[in-house]
Amino acid sequence: MFYDTETRAHGLPHDPFKAIVAPRPIGWISTISADGVANLAPYSYFNAISSRPDLILFSSEGDKDSVRNARATGEFVANHVSARVAEAMNASSVPAPAGVSEFDHCNIAAAPSRLVRPPRVADAYAALECKVTEILEPVGIDGNPAGVFVVIGQVVGVHIDDAVIRNGRFDVSLAQPVSRLGYLDFDGPDGLFSMVRPDWKG
């Protein structure tokens, strides 16, 4: 089959784009507002883009709390998503209103960072403390803003749980990373599984 992305006349019940561009690492991003409210949200548009210096990015479809906080404070933390925290990660995707901390709402334990203000997820096997280097607003081929915000940060500190270090390496077989696929699907150490994003019930 073939379809063009202007009409999106693919005849499928759901857009296959994200299922094609998969698997994608999950950036579980913690930030803090200028008022001191911690925020935690997962982003499936996330990756490393450089190792000298260590640069990572996450991309948000819309100017959401994570972007606004990163812009206001210049800091964020990317928390590793393993199988043991996958359900907590999914819970934190709840569309909570501004001013609500997903750490508190979802009962996710926080731990202090060393070099940045946002807390990290205590149960994450690793966390990358980052300072924002730039925030980009990409455009489409028509030149119009895509409504997307790409936050790039330089890693200034790295936390690793000693439990996942073996033979001097960060052992992914112990860390059991979870990645994002399309639709409601994820991939983990036991294979494909699905999770439904929670609704906000107040």
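Okay, let's start at strand β14, residues 185–188, which runs antiparallel to β15 and is joined to it by four bridges. Strands here are DSSP E runs of at least two residues, helices are H or I runs of at least four, and both are numbered from the N terminus; two strands pair if DSSP finds at least two bridges between them. Before I go on: this is a predicted model, so local features need pLDDT of at least 70 and side-chain atom pairs count only at pLDDT 80 or more, while totals for chains, interfaces and linings use all residues. Residues are numbered from 1 along each chain as its sequence is written, and side-chain values use heavy atoms, with hydrogens and water left out.

Back to that strand pair. D187 sits opposite L192 in β15, and β14 and β15 make a hairpin with two residues between them. They belong to an open sheet of four strands, in the order β1-β13-β14-β15, with antiparallel pairing. β1 (24–25) and β15 (191–194) are at the edges with a single partner strand each, so one side of each has no neighbour in the sheet.

Now another hairpin: β4 (residues 46–51) and β5, with two residues between them. Their pairing is antiparallel, over five bridges, and S51 stands opposite D54 in β5. β5 also pairs with β10, again in the antiparallel sense, over seven bridges. One place to look there is S59, whose bridge partner in β10 is V150.

Is G147 buried, partly exposed or exposed? Its relative accessibility is 39%, so it counts as partly exposed; the cut-offs are under 20% for buried and over 50% for exposed, with partly exposed in between, using a 1.4 Å probe and protein chains only. G147 and E61 are 86 residues apart in sequence, yet their C-alphas are 6.2 Å apart in space. Leaving out residues up to four places away in sequence, G147 touches S60, E61 and G62, where contact means heavy atoms within 4.5 Å.

On to helix α2. Its buried residues are D65, S66, V67, N69 and A70. Their cover includes β2 (27–32), β3, β5, β6 (75–79), β9 (126–136) and β10 (148–160). Just after α2, G74 takes a positive phi of about 75 degrees.

What about the nonpolar cores? A core here is a set of buried Ala, Val, Leu, Ile, Met, Phe, Trp, Tyr and Cys residues joined through side-chain atoms within 4.5 Å. The largest has 18 residues, and W28, M89, I108 and V121 touch the most other members. β3 and α3 are the elements giving it two or more residues. Apart from it there's another core, of 14 residues, including I29, A41, F149 and V155.

Last, the largest pocket, with about 750 Å³ of space. On a 1 Å grid over the protein atoms alone, where a 1.4 Å probe fits, a pocket is an open set of points with protein on both sides within 12 Å along at least five of seven lines, and lining residues have an atom within 4 Å of a point. The volume is the space filled by probe spheres set on the points, which are joined across faces, edges and corners. Of the 30 lining residues, P42, Y43, K64, S93 and R197 are the closest to its centre. β3 gives the largest share of the lining, four residues.
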